[in-house]
Amino acid sequence: MFHRQSSHTEFVVENITISVVRKNIKSLRLSIYTQTGKVRLAAPLWLSDDALRMYALSKLSWIRKHQKRLESRKPQAAQAFVSGEYHEYSGGRFILEVVPHTGKPRVVLDHSMLKLFVKDSSTKHYRANVLAGWYRDRIKEQIPGLIEAWEKRIGVEVAAWGIKRMKTRWGSCNIRARRIWLNLELAKKPARCLEYVVVHEMVHLLERNHSKRFAALMTQFLPQWRSLKEELNEPEA
Ligand SMILES: [Zn+2]
């Protein structure tokens, strides 16, 4: 056992490079960066290198699963909105089927298919917008019930909420206006992740900063919040 000067190190298990950050924390925290797929392990200062290696080994299937998921998501930037493509909804992957249709556009979930009823001549941009509108409606259905339930549990009141596209955050909270914004992309995540973001933003009405108190409140209201946060692939700062 020896102490390193630097708190940043790296090791490799089964061809997977894991960067280690030693911090004054109590437990191990594993995360994967959404953009790069890189694996990061935040570890308490006192844990041995062997212990970290063992931990990483025990998490290999989890790491692989998430890396694969990120990999499969990469082509999404170039999605063409044509039949056969995979699209995500509520934590699942669905095969897009574009159904030629002349009336009002609509989206229908049919088992593993996501059916998009649009004009044959519709553009990629138009189809993307129809699907985005459908995603928005799916979130809208869930929010009022979630907010109502959590207002009672947390003891705060939300004055207004909205959904918008956000590049770097899953949600935000304007504390003074008691207004919550949610990222449209949450429609692609499991409902439990949407709930986690709603609770996170509502807890900001009690505590502005991501402080120890904030974490304690989250644990009080939603004990599994850390794993939900991981599921959303938010690397710890
Ligand atoms: Zn926050």
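Modeller: Let's begin where S7 meets strand S8 (residues 113–118): the two pair in the antiparallel sense, over five bridges. Strands here are DSSP runs of E with at least two residues, helices are runs of H or I with at least four, and both are numbered from the N terminus. Two strands count as paired if DSSP finds at least two bridges between them. Within this pair, Leu-109 stands opposite Leu-114 in S8. Helix H3 (residues 124–154) packs on the sheet here, touching S7 and S8, and its direction makes about 120 degrees with that of S8. A contact means that two C-beta atoms, placed from the backbone, lie within 7 Å. Angles run from 0 to 180 degrees between N-to-C directions, with axes fitted as lines to C-alpha atoms, for helices over the stretch in contact.

A word on what you are looking at: this is a predicted model, in which local features need pLDDT of at least 70 and side-chain atom pairs count only at pLDDT 80 or more, while totals for chains, interfaces and linings use all residues. Residue numbers start from 1 along each chain as its sequence is written.

Now step back to the whole sheet. It is open, its four strands run in the order S5-S6-S8-S7, and the pairing is mixed. Strand S5 (86–89) and strand S7 (106–110) are the edges, each pairing on one side only. From one strand to the next, the twist averages 35 degrees.

The hairpin of S5 and S6 has two residues between the strands, and Ser-90 takes a positive phi near 50 degrees in it.

How far should you trust the picture? The protein averages a pLDDT of 89 (the predictor's confidence in each residue, from 0 to 100), and 92% of the residues score at least 70. Over residues 1–6, though, the pLDDT is below 50, and this stretch has two contacts in the model beyond near neighbours in sequence. Where pLDDT is low, the predicted coordinates should not be read in detail.
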